[in-house]
Amino acid sequence: MRKAVAMATAASAFAGSLVGFGTQAIAASAPAAPVASQASAKAAGCVTVVRWYNKRFNRYVEVKNSCARKACFSVTVAARRDPQFSIGPNKKESFRYGGIAWTKGTSIKNKPC
């Protein structure tokens, strides 16, 4: 079994290094990309920003989940670790992502849960 795996790995490395076979190696790996993009496309449109605001000494973001399932997202904050949150299906909710001394969040990133 190990010998077969080693031979298959060596053969694919050799085929990838050849100029004529380089396009076949790229074409063979291309079908895997649409599957990943479909999963990210589902997560991409669920959570949207309604508004950014400050309340007392905290920064908040109000978001809306337009999907019929739980969605996860993170708030992009410069020079800080992005805080991650989740929101229930078909809800609008506010999340505290930092104190007033933090830099303002610039956007959100939809993530798979």
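Is K109 buried, partly exposed or exposed? Keep that residue in mind while you orient yourself in this predicted model, and return to it at the last stop.

If you then switch to a surface view, the chain exposes about 7900 Å², of which carbon and sulfur atoms supply 60%, while 27% of its 113 residues count as buried. Among the contacts with a separation of 6 or more, 54% are accounted for by residues 24 or more positions apart.

Side chains of opposite charge can pair when their charged atoms come close. A search of the whole structure finds 2 salt bridges, and the tour visits each in turn.

Select R51 and E62 next, and show their side chains, which meet in a salt bridge with an N to O distance of 2.7 Å. R51 lies in strand β1 (residues 47-55) and E62 in strand β2 (residues 58-65), so this pair ties together parts that are 11 residues apart in sequence. R51 is partly exposed, at 42% relative accessibility, whereas E62 is buried, with a relative accessible area of 13%.

Now move to D82 and K109, whose side chains meet in a salt bridge at 3.5 Å, N to O. This pair links distant parts of the chain, 27 residues apart, with D82 in the loop between β3 (71-76) and β4 (84-87) and K109 in strand β6 (residues 107-111). D82 counts as partly exposed at 22% relative accessibility, and K109, the residue of the opening question, is partly exposed at 42%.

How values were computed: Residues numbered from 1 in each chain as written. Predicted model: local features only at pLDDT ≥ 70, side-chain atom pairs only at ≥ 80, totals over all residues. Heavy atoms only, no water. Salt bridge = Lys/Arg side-chain N within 4 Å of Asp/Glu carboxyl O. Helix = DSSP H or I, 4+ residues; strand = E, 2+ residues; numbered from the N terminus. Buried < 20%, exposed > 50% of the residue type's maximum accessible area, 1.4 Å probe, protein only. Contact = heavy atoms within 4.5 Å. Areas by Shrake-Rupley, 256 points an atom, 1.4 Å probe, with all protein chains shown as cover.
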